[in-house]
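Please look over the chain below with its three-dimensional model. The briefing is arranged by topic for reading beside the structure.

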Amino acid sequence: MAKSPEEEHPVKAFGWAARDPSGHLSPFTFSRRVTGEEDVRFKVLYCGICHSDLHSIKNEWGFSNYPMVPGHEIVGEVTEVGSKVEKVKVGDKVGVGCMVGACHSCDSCTNDLENYCPKLILTYNGIYYDGTITYGGYSDSMVANERYVVRIPDGMPLDSAAPLLCAGITVYSPLKYFGLGEPGKHIGIVGLGGLGHVAVKFAKALGSKVTVISTSPSKKAEALEHLGADSFLVSPDQDELQAAMGTFDGIIDTVSATHPIMPLLGLLKSHGKLIMVGAPSEPLELPAFSLIIGRKTMAGSGIGGMKETQEMIDFAAKHNIRADIEVISMDYVNKAMERLEQADVRYRFVIDIGNTLAATKPSS
């Protein structure tokens with residue numbers, strides 16, 4: 001007989017969970033495993049809300065398990081380490097992003113690309129090695145193998161660092177891998193949301209010329225004056241599109257809604273690259289001639305391996321890159337999900353777990 005979430009493991013834990021595809025989150029008592037010899041346990045202080053949390057709690061991708069404790073932009077302070085842990089010590093500030101396990105023997109794993117492992121274990125809504133469901137960061141504590149723990153550099157604000165563990169690495173990895181984040185390169189960033197705003201910051205810090213491509217003229221001042229983009233292109237404006245044709249070395253497309261691809265391919269120079277990091281739920285239309293003429297490339301990219309994630313956080317600390325956030329209390333999370341669905345956030349919600357979760361715990 002299967003054990004209840006509260007009885008699966010020896011260490012008691014508390015968080016907020018969704019119980020069904022309504023996506024409504026409420027207080028939830030469960031358990032975590034004991035700290036293994038290669039494990040790091042930490043008190044969760046902040047957890048970002050990613051758009052994939054919203055998709056997952058509502059089962060919009062069709063593979064949700066309930067009850068579900070979401071959250072994969074998790075930061076906190078180490079409270080216990082296993083006997084073989086070398087990377088961090090008690091008191092250090094650390095984070096866990098989108099994954100907590102992999103096979104460690106496939107080509108991807110041996111090349112520091114655990115994120116592409118066929119046996120990748122997600123931080124929440126995954127099945128861990130012991131067969132139990134993984135629970136995420138909308139909770140008071142976290143335990144993970146040290147391979148999947150990122151060191152947060154001293155002095156880096158934890159609240160605005162949290163979203164970088166998903167949004168940050170999602171845009172940093174393709175900028176590096178596809179050679180787009182370099183001086184002299186002209187890069188387009190499609191969409192100015194949770195992913196797009198940090199993409200602008202990373203691309204600028206890497207030396208690229210950056211143009212924000214958006215359907216919303218109202219975001220122009222924000223893109224240029226606050227985020228530091230070099231220019232702004234209103235994508236429905238045919239005159240602006242025509243003037244920019246063939247001028248981009250690469251484009252990072254962060255939009256998760258269905259949208260036309262052909263105009264973006266037209267903006268690329270010959271040999272230009274369109275990289276998809278947003279995940280529209282409907283298939284996109286891709287006319288082959290848009291790629292053939294100019295030998296253009298369309299590719300995808302998903303987060304990054306642990307070595308690159310640590311590199312990204314260190315780079316962000318060095319260049320003072322932070323996510324723009326709205327910090328919320330735990331009991332505001334359902335309202336935050338409603339607002340996220342309406343794109344009413346600038347640009348990432350972060351839950352203040354350390355100061356507000358305990359107050360929501362039912363009295364025993």
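What follows is a set of notes on the domain record, the strand pairing, the salt bridges, the surface and the backbone.

This is a predicted model, in which local features need pLDDT of at least 70 and side-chain atom pairs count only at pLDDT 80 or more, whereas totals for chains, interfaces and linings use all residues. Residues are numbered from 1 along each chain as its sequence is written, and side-chain values use heavy atoms, with hydrogens and water left out. Helices (H or I, at least four residues) and strands (E, at least two) are DSSP runs that are numbered from the N terminus.

**Domain record**

- An unreviewed UniProt entry lists residues 23-351 as "domain: Enoyl reductase (ER)"; UniProt positions are given in the numbering used here, feature names are shortened, and annotations may be inferred rather than shown by experiment.
- The span 23-351 is 26% helix and 26% strand, and its end C-alpha atoms lie 17 Å apart.

**Strand pairing**

- An open sheet of 6 strands runs in the order S12-S11-S10-S13-S14-S15 with parallel pairing, where two strands count as paired if DSSP finds at least two bridges between them.
- The edges of this sheet are S12 and strand S15 (297-300), each of which pairs on one side only.
- Neighbouring strands of the sheet are turned by 20 degrees against each other on average, direction ignored; the axes are lines fitted to C-alpha atoms, for helices over the stretch in contact, and angles run from 0 to 180 degrees between N-to-C directions.
- Strand S13 (residues 248-253) and strand S14 (residues 268-276) run parallel and are joined by 5 bridges, and Ile-251 stands opposite Leu-274 in S14.
- Elsewhere, S4 and strand S5 (residues 93-96) run antiparallel with 4 bridges between them, and the bridge partner of Glu-77 is Lys-93 in S5.
- S5 also pairs with S9 in the antiparallel sense over 2 bridges, with Val-94 opposite Arg-151 in S9.

**Salt bridges**

- The whole structure holds 15 salt bridges, a salt bridge being a side-chain nitrogen of Lys or Arg within 4 Å of a carboxyl oxygen of Asp or Glu.
- Arg-147 and Glu-114 form one of them, with their closest N and O atoms 2.9 Å apart. This pair links distant parts of the chain, 33 residues apart, since Arg-147 is in the loop between strand S8 (141-145) and strand S9 (150-151) and Glu-114 is in the loop between helix H2 (107-110) and strand S7 (121-122).
- Arg-147 counts as partly exposed because its relative accessibility is 26%, whereas Glu-114, at 2%, counts as buried; buried means under 20% relative accessible area, exposed over 50%, and partly exposed in between (1.4 Å probe, protein chains only).
- Lys-201 and Asp-324 meet in a salt bridge of 2.6 Å, N to O. Lys-201 lies in helix H5 (residues 194-205) and Asp-324 in the loop between helix H10 (306-318) and strand S16 (325-328), so the pair ties together parts that are 123 residues apart in sequence.
- Lys-201 is buried at 17% relative accessible area, and Asp-324 is buried at 12%.
- Lys-204 forms a salt bridge with Asp-230, the closest N and O atoms being 3.0 Å apart. Lys-204 lies in H5 and Asp-230 in the loop between helix H6 (220-226) and strand S12 (231-234), so this pair ties together parts 26 residues apart in sequence.
- Lys-204 is partly exposed at 31% relative accessibility, and Asp-230 is partly exposed at 40%.

**Surface patch**

- Trp-61, Phe-63 and Leu-122 form a nonpolar surface patch with about 290 Å² of accessible area together. Patches are made of residues with over 30% relative accessible area and no salt bridge, like charges being joined within 9 Å and nonpolar side chains (Val, Leu, Ile, Met, Phe, Trp, Tyr) within 5 Å; accessible areas come from the Shrake-Rupley method with a 1.4 Å probe, and for residues only the protein chains shown count as cover.
- Phe-63 is in the loop between helix H1 (51-57) and strand S4 (74-81), and at 45% relative accessibility Phe-63 counts as partly exposed.

**Backbone geometry**

- Most residues other than glycine have a negative phi, and most peptide bonds are trans.
- A cis peptide bond joins Tyr-66 and Pro-67, with omega about -5 degrees, and Pro-67 is in the loop between H1 and S4.
- Asn-59, in the loop between H1 and S4, has a positive phi of about 55 degrees although it is not a glycine.
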